[in-house]
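Welcome, and thanks for taking a look at this structure.

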Amino acid sequence: MNITGFNQTDGCLPYACPERSVSTAVYVLLYICAAAVVLLTVFGNLLIIISVCHFKQLHTPTNMLILSLAVSDFLVGAFVTPIVLIWTIESCWIFKRVYCMFFLSGAYFLTSMSIYSIALIAADRYFALSNPFFYTEAVSVNTMCVVVLCEWLILLSYILALLYLNFPYVNFIKCPGDCFLLLDEIWSLVDLVVTFVFPFTVIIVLYVLIFIIAKKHATAIRELNAQTRTQTSGNTSESVSERKAARAVSILIFVFMACLFPYFMYTLLGSVVKMEFESFRNVLILLYLNSAINPIIYALFYPWFRKCVKLILTFQIFKTDSALINIL
């Protein structure tokens, strides 16, 4: 993403990273907390990746999208979150200029991937509910894998093209101690539409439609149960499980949007309101913390994930035919 509206002079004053403003104990505690966040992000999403890849029952089209989201979150936790947390604790960019370029490009790409993965999950759920027979026949695991691969390639191409076309105007780092990306105002607006307005509009519209369809289905099920009492228990248990799955996905998307919205508001208002860069850096932390929150959501609302974690941590996945274990 880009940062606009931060006033800077054309020339840089002599700069040195500020002296540490906290005690050694607090300093160490901050790094311990940062390490805990990174480990939770990396290993939490790694457990999701292993679960979906290993167990055959989880090889579904929807789970391929969840796998894509987990991969992008894993990469955020491995390569982006540690740098952002160190940057915040030190109150200074302590890495080299070249790494700033790769850091921002990678962070930009992975954040865009997460947004569009959520949008694809919303689209997947909508078509599964609105046209279940067509969805079952037309959408397979292989089809969804192709969609995910195209998503990664298209977004990567978009980011590379954006940087290439704006290379004369792109400024990855203005002065020592800072690292941010400035784009031309027109391209900043285009980028805001492509990476935020469009996918978020898709997510909101589709979930409103999903809510309407789900309400109709719930009403139809209640009427059917009232007419056929003998099948009530089976239908009820199925509808309850569907509601739980829908609730989990809704919470996942709501948390994601809550973490991402402040970042884009800062980006949007940066050109008209003077903002401190330190406060923007705190918004970045909230943005990337979402990658650590997702595995917690899965653990709280998906029984299959808790069972998979137990099987992985007890090394039962190394047994013969462990991929065929019933986890649903």
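Phe-315 counts as exposed because its relative accessibility is 57%, where exposed means over 50% relative accessible area, buried means under 20% and partly exposed lies in between, with a 1.4 Å probe and protein chains only. This is a predicted model, in which local features need pLDDT of at least 70 and side-chain atom pairs count only at pLDDT 80 or more, while totals for chains, interfaces and linings use all residues. Residues are numbered from 1 along each chain as its sequence is written, and side-chain values use heavy atoms, leaving out hydrogens and water.

**The overall picture**

- The protein has nine helices and zero strands; both are DSSP runs numbered from the N terminus, with helices being H or I of at least four residues and strands being E of at least two.
- Along the sequence, the pattern reads α-α-α-α-α-α-α-α-α.
- Of the 328 residues of the protein, 43% count as buried.

- Phe-315 has a positive phi of about 65° although it is not a glycine, and it sits in the segment after helix H9 (303-313).
- Asp-321 also lies in the segment after H9, and its phi is near 60°, a positive value in a residue other than glycine.
- With a relative accessible area of 55%, Asp-321 is exposed.
- As background, most residues other than glycine have a negative phi.

**Helix H1 against helix H2**

- The axes of helix H1 (residues 24-54) and helix H2 (residues 61-90) come within 8 Å and cross at roughly 170°; axes here are lines fitted to C-alpha atoms, for helices over the stretch in contact, and angles run from 0 to 180 degrees between N-to-C directions.
- H1 and H2 are therefore roughly antiparallel to each other, a label for angles over 145 degrees, with under 35 counting as roughly parallel, 65 to 115 as roughly perpendicular and the rest as oblique.
- H1 passes H2 in a left-handed crossing, meaning that the near helix is turned anticlockwise from the far one by less than a right angle, whereas clockwise would be right-handed.
- The contact of H1 with H2 has 23 nonpolar, five polar and two charged residues; Ala, Val, Leu, Ile, Met, Phe, Trp, Tyr, Cys and Pro count as nonpolar, Asp, Glu, Lys and Arg as charged, and the others, Gly among them, as polar.

**Helix H2 against helix H3**

- The axes of H2 and H3 come within 9 Å and cross at roughly 150°.
- That angle makes H2 roughly antiparallel to H3.
- H2 passes H3 in a left-handed crossing.
- In the contact of H2 with H3 there are 19 nonpolar, five polar and three charged residues.

**The second largest cavity**

- How many cavities of 30 Å³ or more does a search of the whole structure find? The search finds two; on a 1 Å grid over the protein atoms alone, a cavity is a set of points where a 1.4 Å probe fits but cannot get out, and lining residues have an atom within 4 Å of a point.
- The second largest cavity has a volume of about 80 Å³, where a volume is the space filled by probe spheres set on the grid points, which are joined across faces, edges and corners.
- Its lining includes Asp-73, Val-76, Leu-110, Phe-256, Tyr-288 and Asn-290.
- H2, helix H3 (97-130) and helix H8 (277-301) are the elements that give two or more residues to this lining.
- H8 gives the most to the lining of the second largest cavity, with four residues.
- By class, the lining of the second largest cavity has five nonpolar residues, four polar and one charged.

**Pairs that are apart in sequence**

- Tyr-116, in helix H3, is buried with a relative accessible area of 16%. Tyr-116 and Leu-65 are 51 residues apart in sequence and 9.9 Å apart in space, C-alpha to C-alpha.
- Ile-296, in helix H8, is partly exposed with a relative accessible area of 38%. From Ile-296 to Asn-45 there are 251 residues in sequence and 9.6 Å in space, C-alpha to C-alpha.
- Tyr-302, in the loop between H8 and H9, counts as buried at 10% relative accessibility. Tyr-302 and Leu-328 are 26 residues apart in sequence, and their C-alpha atoms are 9.6 Å apart in space.

How values were computed: 1 Å grid on protein atoms, 1.4 Å probe; cavity = no way out; pocket = protein on both sides within 12 Å on 5 of 7 lines; lining within 4 Å.
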